[in-house]
Structures are given as structure tokens and as C-alpha cells.
Amino acid sequence: MSTPKAPAGHFTLLYFAAATSFTRKQHDFLPAPMPVGQLYDVLEKMYTGMKDKVLSSSALTVNLDYVDVEEEAGKSDKGLTIQAGDEVAIIPPRLGILTMASPKPETIIYKTVGTLEIPLDVYLPDHAKNVPVLLWFHGGGLLQGARRSMTPHMLQAVSKYNIALVSADYRLAPQVGVADIYEDVKDCVAFIRNGLTRHTGEGTIDTTRLAVSGSSAGGYLAFLAGLYIEPKPQVILPIYPITDPLGTFFTTSQPHPFGGGRTEPESLAEFLDPTADAVANNAEDSKRNQLYFVMMQEANLASLLKLKPGDDTFRIARKVYERKLPPTYVVHGDSDGAVGVEQSDEVVGVMVGSGMEVRYERLHGLNHLFDRDAKYELEGMYEFMMKHL
């Protein structure tokens, strides 16, 4: 699906599955700014009955980030506002629902660089006693995003598998490079191992049992943790991961993964300025959330991450044999339009050929972010994790 660029003062609303069938369209252009909490009322006026028949069982994303419409509506004028140029999508129904209340996080600063504080959130199950730790990193190409963008299955895992979940921010490119971001990952793991119990209390968590996961670019960081951090995590769980910024997928211009139009890099100049102050996250309504789309069309991830020519340090498959990886469970859809599945194929192939323990859940027909639908619980991944913790 190819969608023209939204006219000035508008955002693109993409329809998928039931939304496409109901509206008989693939997209609309709607005026911006518009509070997210008003969107469903606007659509109900445009398409009578859409609220009950489609929207009540669908999910909404804004610039690839899942948004809880009811929660945003309850914030009144402080809720998320859709801006001109944003890419909004009504995606397939969330057939599953959370059967357990989502845990509440405690936010802790794990690192300070100059005046920039880098936080993590820790989620504990009720009556936690010596529970293992799952560290997860968010996606966004290492260019955008924030630690609160977790999927339903990840939040469910706290109670379902009796684990501590840690979701951490890190500095974002291009204001820093991937080498700097890896230092944040390394420091985050060191903090968990040596300092987290000062905040959670002695006897609540067992930091010697550590799994590292991440989604998309976060999966890339999970791989880097598995390659370079010593002692290695007991297990890593990359989910539709980037593995090689210099691979064909990221050095060839790609269409918008969800059908949106072209974004001019000049419109995001303040976020693309490598001399701007570094940040460790961004708000849901920030235009920074369009950087990944621009990177895909410009095919310049390696330069944004400041990869040096001839340096294979951050090309995962090329370092697997030398550095080794702990037991690994990879999940990737073979219809992924935002991170080509060949990125995972290459690393898994090297691991298999090198005799390392790896499980690969290569899911047919699924696109990027598929697990934001709560029906995907990834039970095989968590069972593998628990086996090794």
C-alpha cells in the first residue's frame, strides 16, 4: 500500500483489516492538531457505527507507538495531541485482553551523563522474593522512543512468570553513536547487578539470574549485551531485531512500513542535528517519532549511528563466532516491513552453524510490532527464558 503525503496541516490515518473493510478506504487525511481523545468521535461522525463495530476492538498507533485512547481522553487537555505530518494507524483487533492488572513501575536513575539523567523502570510481582530479572530495551532505530512502550505480553510476564521486569531508556542517535548507546547498556546491566537491590530491597530480586530482551532496535541492544558484556546474561531474547545497520535492508531505500508517504528530512532538522543536546527518550507526540521513517527512506542508519567504515564491532553476525552468544531465542515475522527478516536469518544461521543454542520463531505473515496485539503471548519465548534462569 502506497499512500500520498498528507497535505499541509493534516495527518495521515491508515486503515488496516476491519477498518479498511468498514471504511472501504486505506487511508484518510485529517486536520491537525487533533487530541487523540477526540479521534474516535470524529471517525464515528464520518463513518456511523464504526465505534462499536471496529474501534472498540482495535488498537491505535501514532508514529509506530501504541496509544491507549481511553487513557488519553481521560487526561483532558494534557493528553496526547496528533500533530501535522504524524502517521496514525488503526491496526487489527486486539483479540486477547490482559487478564491481570498491569504492575506499577518504580522509576530509578541508573546513569547520569553531564546533566542528562537516564532512567529505568522496575516492575515487581506481588511478594517478590529472589525473582530473576528480565531487562528490556525499546525500539525506534536507536533514534527515537521511550521505555514505557512495552507490549501486553511483557507486562503480563511479571505476574505470569514471577519475574522482575526492567525497562530502560538510553541515549538516542544521532546526537550520540551506537558505541555510546552500548555504554549505556553496559552501565545499565552493571547497575542492575550491583545497585538495583538498594532500591527494591534485599531478597526481592536475584540479579545473578538475568535475561536481556528488546524489540527492534532494542533487540539489537540485546544482541550487543550478549556479545560483549561479561559475565554474559543467562539468556537473550531479541524480538524482530535489527542486527546489521550496514545490511542490505538498511542501505537500500525502503517504503514506509505501514503505507505512509514521504517525509522530508528538513522538517526534522532539529532532531537530526548531531550537535544538539543528547536525550534519552522523547514524548509520544514528539515529531522525533518520525525519524525512523526518514531513516528508512534515506537508507542512512549506519551514518546516523556513527558506524566507522571497516569496523564490524556492531555487525552482529560478523562477531558471533569470535565473541559467542548465550542461549538465544529470536522472534521475527517474515512480512516485517520495518526490519527485514533477513536481519535475523543471518545471525541465526551463524549461530546454528557454530553450534550455539538458539531457537528461532520465524512467524509467517506477521509485520513489525505484531505483538502489540495482546493475543500474541510469546509463551515459547518465556518458557525458554525460564529454563535458563
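Contact here means heavy atoms within 4.5 Å. The structure shown in these views is a predicted model.

**View A. Packing of helix α5 against helix α15.** Helix α5, residues 152-160, packs on helix α15, residues 379-388, with the axes 12 Å apart and at an angle of about 45 degrees. The crossing in which α5 passes α15 is right-handed.

**View B. Residues at the contact of α5 with α15.** From α5, the residues His153, Met154, Ala157 and Lys160 take part. Their counterparts in α15 are Glu379, Met381 and Tyr382. Sorted by class, this contact of α5 with α15 comprises four nonpolar residues, one polar residue and two charged residues.

**View C. The open sheet of five strands.** Pairing in this sheet is mixed, and the strand order is β2-β1-β7-β4-β5. Strands β2 (27-31) and β5 (65-67) form the edges, each pairing on one side only. On average, neighbouring strands of the sheet are turned by 30 degrees against each other, direction ignored.

**View D. Strands β1 and β7 within the sheet.** Strand β1, residues 10-15, and strand β7, residues 87-91, run parallel and are joined by four bridges. Leu14 has Ala89 in β7 as its bridge partner.

View E. An unreviewed UniProt entry carries the annotation "domain: BD-FAE-like" for residues 120-228. Across residues 120-228, the chain is 39% helix and 25% strand. The end C-alpha atoms of residues 120-228 are 21 Å apart.

Technical notes:
Residues numbered from 1 in each chain as written. Predicted model: local features only at pLDDT ≥ 70, side-chain atom pairs only at ≥ 80, totals over all residues. Heavy atoms only, no water. Axes fitted to C-alpha atoms, helices over the stretch in contact; angles between N-to-C directions. Helix = DSSP H or I, 4+ residues; strand = E, 2+ residues; numbered from the N terminus. Left-handed = near helix turned anticlockwise from the far one by under 90°. Nonpolar A, V, L, I, M, F, W, Y, C, P; charged D, E, K, R; others polar. UniProt positions renumbered as here; feature names shortened; annotations may be inferred. Pairing = 2+ DSSP bridges.
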